[in-house]
Amino acid sequence: MSTAREQPIFSTRAHVFQIDPTTKRNWIPAGKHALTVSYFYDATRNVYRIISIGGAKAIINSTVTPNMTFTKTSQKFGQWADSRANTVYGLGFASEQQLTQFAEKFQEVKEAARLAREKSQDGGEFTSTGLALASHQVPPSPLVSTNGPGEEKLFRSQSADTPGPTERERLKKMLSEGSVGEVQWEAEFFALQDSNQRLAGALREANAAATQWRQQLEVQRAEAELLRQRVAELEAQVAVEPVRVVEKEATSQSVEQLEARVQTKDQEIQTLKNQSTGTREAPDTAEREETQQQVQDLETRNAELEQQLRAMECNLEEARAERERARAEVGRAAQLLDVRLFELSELREGLARLAEAAP
């Protein structure tokens, strides 16, 4: 029978089980993963069914009747017996809330099926019982399922739907013999499998992150070692600076002495010029030439002293600039070393937290 004329009124996901037909005690899981379980309503025939499709076959195809009872056996597991299918279905939910919603919907559908039966037995015209559940209706599902044998006889008499004393006793015995502990273990087993897979994935990601952090830590350590070496070199250069300062002070004194000597020579040159031009008596040629020669020598010496003075001033400026650069480089290296040490500390704390979080 096609579900084209049926409408899903409620859907959820759960692990599906069926009672072992041989032992009537153990549960047989329908699959390793949770399946979609839906309530369907056939407006044409006023029939409600619980359907779950696994692969290409219907795992659950249970017509809801007023005589069915959905029993909660644990916080996340419930079951009901289907006398037509001669089996007991079990559903393991992810939360107690989902189990409660399914149980409440079971009661609504069961009551609607009872009203539908009373209307059909009275011969009265039944207006769609599914109107009470229309608020939960969703677009038609493409699920395809088939009812079991005798599908065209879904509306049987009350005596036909009601199990006989022997069948009722057998169902009660089957339900009473089902171990609640086994039911819980079966449902929790699959939930633990899913949780274990998630934990394994998280552990793999944590291990990958830890490996990446260790690599970054090694790189940071290498950079920190290079920075320490650079700082040591700069500190050695700074230690040499006092000697250079003494040399620079001596150079400054030499420059001052040279400037004084230049001034003295300038004064002597000026004096000689005054003597050569201011004398009234003309000197003889020999004295004049000697005086001119002395003036030229003094001017040459003065020029040489001025060149030495400029060279020493340039050396002094270069030494001062080199000292300032060394100080600035030491400061930058110290700051960079502080940053690297802080990053290393954060990496160590991260690895410690990861080690504590790892099982």
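Predicted model: local features only at pLDDT ≥ 70, side-chain atom pairs only at ≥ 80, totals over all residues.

Residues are numbered from 1 along each chain as its sequence is written, and side-chain values use heavy atoms, with hydrogens and water left out.

Begin by colouring by pLDDT, the predictor's confidence in each residue, from 0 to 100. The protein has a mean pLDDT of 76, and 73% of its residues reach 70 or more. Next, select residues 124-163, where pLDDT stays under 50; for this segment the model has 79 contacts (heavy atoms within 4.5 Å) beyond four places in sequence.

Then select helix 1, residues 96-122. Helices (H or I, at least four residues) and strands (E, at least two) are DSSP runs, numbered from the N terminus. The expected span is 1.5 Å times one less than the number of residues; for the 27 residues of helix 1 that gives 39 Å, and the end C-alpha atoms are 39 Å apart, which agrees. Buried residues (under 20% relative accessible area; exposed is over 50%, partly exposed in between; 1.4 Å probe, protein chains only) in helix 1 include L99, F102, F106 and V109.

Move to the loop between strand 1 (6-19) and strand 2 (27-29), and select K24. Most residues other than glycine have a negative phi. K24, not a glycine, has a positive phi of about 60 degrees, and is partly exposed at a relative accessible area of 21%.

Finally, select N46 in the loop between strand 3 (35-42) and strand 4 (47-54). N46, also not a glycine, has a positive phi of about 55 degrees. Is N46 buried or exposed? At 15% relative accessibility, N46 counts as buried.
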